[in-house]
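Morning, everyone. Please bring up the sequence and the model, and we'll walk through them together.

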Amino acid sequence: MSTAYYALFHALIFEASSVLAPSQPNGLREQVGRAFAHSDMKTVCTAFSHGNVTNLSGPTRTLIASPIRPELRLVALTFIDLYAARQSADYDTLATPL
């Protein structure tokens with residue numbers, strides 16, 4: 001689960017950084033990518049999964065085109081599921097491994 005989570009986490013960062021930051025100067029996209037936080041991405045994905053971005057902060061909300069497409073809602077739901085599985089695997093000492 002952890003591998004799948006991190007693959008999706010980094011894929012979403014790559015896509016978002018490609019939209020949010022220009023390719024020049026060199027390294028800018030990578031710096032933007034480092035600003036993404038796991039818990040913040042979960043918050044945004046939760047809003048996306050419900051198709052409702054009105055609860056997001058103003059700056060984030062202005063970047064989002066509404067309504068959220070069904071395909072993106074599915075990606076958001078997948079992220080949330082993988083996030084929960086990773087949290088359980090990393091921090092729940094009573095969890096049974098898959």
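Start with R69 and E71. Their side chains form a salt bridge, 3.6 Å from N to O. The rule asks for a Lys or Arg side-chain nitrogen within 4 Å of a carboxyl oxygen of Asp or Glu. By that rule, the count is one salt bridge. R69 and E71 are both exposed, with over 50% relative accessible area (1.4 Å probe, protein chains only).

A word on the source. This is a predicted model, where local features need pLDDT of at least 70 and side-chain atom pairs pLDDT 80 or more, while totals for chains, interfaces and linings use all residues. Residues are numbered from 1 along each chain as its sequence is written, and side-chain values use heavy atoms, without hydrogens or water.

Now the inside. The largest nonpolar core holds 16 residues. Such a core means buried Ala, Val, Leu, Ile, Met, Phe, Trp, Tyr and Cys, joined through side-chain atoms within 4.5 Å; buried is under 20% relative accessible area. Y5, F9, F48 and F79 have the most contacts inside this core. Two or more residues each come from α1 (2-20), α3 (38-49) and α5 (70-91); helices here are DSSP runs of H or I, at least four residues, numbered from the N terminus. α5 gives the most, five residues.

Take F9. Leaving out residues up to four places away in sequence, F9 touches F36, A37, H38, M41 and F79, contact being heavy atoms within 4.5 Å.

Last, how do α3 and α5 cross? Their axes, lines fitted to C-alpha atoms over the stretch in contact, come within 8 Å and cross at roughly 140 degrees.

Technical notes. Axes fitted to C-alpha atoms, helices over the stretch in contact; angles between N-to-C directions.
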